[in-house]
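Here is a walk through one protein chain, written for someone who would rather look at it than read tables. Keep the viewer open and follow along.

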Amino acid sequence: MTDAWPAYARHDVYIYIYMVVRVVEGLDRRDALLGIVLSAAVAPLLAPAGALADEPTTESQEGFTTYEDEANKFSIQVPQGWLVGAGEASGIKSVTAFYPEQAAADSNVSVAITGIGPDFTSLKSFGDVDSFAEGLVNGLDRSWQRPPGLAAKLIDSRAANGLYYLEYTLQNPGERRRHIVSAIGMAFNGWYNRLYTVTGQYIDDDDDSEKYRPQIEKAVRSFRLT
């Protein structure tokens, strides 16, 4: 059994995770995010900024609805009133996206699933959460180039609930800073190993996104493999 990913395999996973962010960012709300309207929205529950895995998840929490995907074996708490739609993208087996109907597409949560090699069966194959997070963010950062490219900054990383939790920011030159909270998990479905990437994103210092930040962070923390 392989104890750790070779460097090229880790790089592929890092690029895949960033690709997930870009795919969800570019989803067309009318087509890819067609879906089911959940029950009416209520006021969001506040959560400590930057806290990714400290709060226990119950079967049903006030202001949230449990979304269960029996085929892909996961559940997540979604704010009531948010829309949900599923689709596919190049290199990704499944993408399920959640977003507030009245907000810009900058605020959303997605669950993306892709197949990975049979030798890699647990998150420990990536190394510990800190080295994985540093490798991901350092691999994405291009702020050192001239002219500068994408700036990526790691904020927090931790392991809990059998998942890796990451928090970081991405900012292209001339664009607003995108705040990412993510949960990474692995599971076997009887045929192949799957990598789950849960991505919540919003724009820093934006009034509309700030409204949804606690809900996005709470949704990412609530994700569980079933």
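## Overall layout

Reading along the sequence, you go through α-β-β-β-β-β-β-α-β-β-β-β-α-β. That makes 3 helices and 11 strands in the chain; helices (H or I, at least four residues) and strands (E, at least two) are DSSP runs, numbered from the N terminus. This is a predicted model, where local features need pLDDT of at least 70 and side-chain atom pairs count only at pLDDT 80 or more, while totals for chains, interfaces and linings use all residues. Residues are numbered from 1 along each chain as its sequence is written, and side-chain values use heavy atoms, with hydrogens and water left out.

Of the 226 residues, 50% count as buried (buried is under 20% relative accessible area, exposed is over 50%, partly exposed is in between, with a 1.4 Å probe and protein chains only). Among contacts (heavy atoms within 4.5 Å) with a separation of 6 or more, 61% link residues 24 or more positions apart.

Strands S2, S3 and S11 make an open sheet in the order S2-S3-S11, with antiparallel pairing. Two strands pair if DSSP finds at least two bridges between them. At the edges sit S2 (64–69) and S11 (224–225), each pairing on one side only. Helix H3 (residues 207–222) packs on this sheet and touches S2, S3 and S11, with its direction at about 165° to that of S3. For that angle, axes are lines fitted to C-alpha atoms, for helices over the stretch in contact, and angles run from 0 to 180 degrees between N-to-C directions.

S3 (residues 74–79) and S11 are joined by 2 bridges, and Phe74 has Leu225 as its bridge partner in S11. Over in H3 you'll find Glu210, which counts as partly exposed because its relative accessibility is 30%. Glu210 lies 9.1 Å from Ser107, C-alpha to C-alpha, though they are 103 residues apart in sequence.

Why is S9 (residues 178–188) largely enclosed by the rest of the structure? Because 9 of its 11 residues are buried. S9 pairs antiparallel with S8 (residues 163–171) over 7 bridges, and Tyr165 stands opposite Ala183 there. S9 also runs antiparallel to S10 (residues 193–203), with 11 bridges joining them, and His179 faces Tyr202 in S10.

Both pairs are hairpins. S8 and S9 have 6 residues between them, and Gly174 in that turn has a positive phi of about 80°. Between S9 and S10 there are 4 residues, with Gly190 at a positive phi near 100°.

## What packs inside

The largest nonpolar core has 22 residues, and among those with the most contacts inside it are Phe74, Ile76, Val111 and Phe223. A nonpolar core here is a set of buried Ala, Val, Leu, Ile, Met, Phe, Trp, Tyr and Cys residues joined through side-chain atoms within 4.5 Å. H3 gives the most to this core, with 4 residues.

Leaving out residues up to four places away in sequence, Val111 touches Phe74, Phe98, Val198 and Phe223, among others. A second, separate core of 20 residues includes Ile116, Phe120, Ala152 and Ile180.
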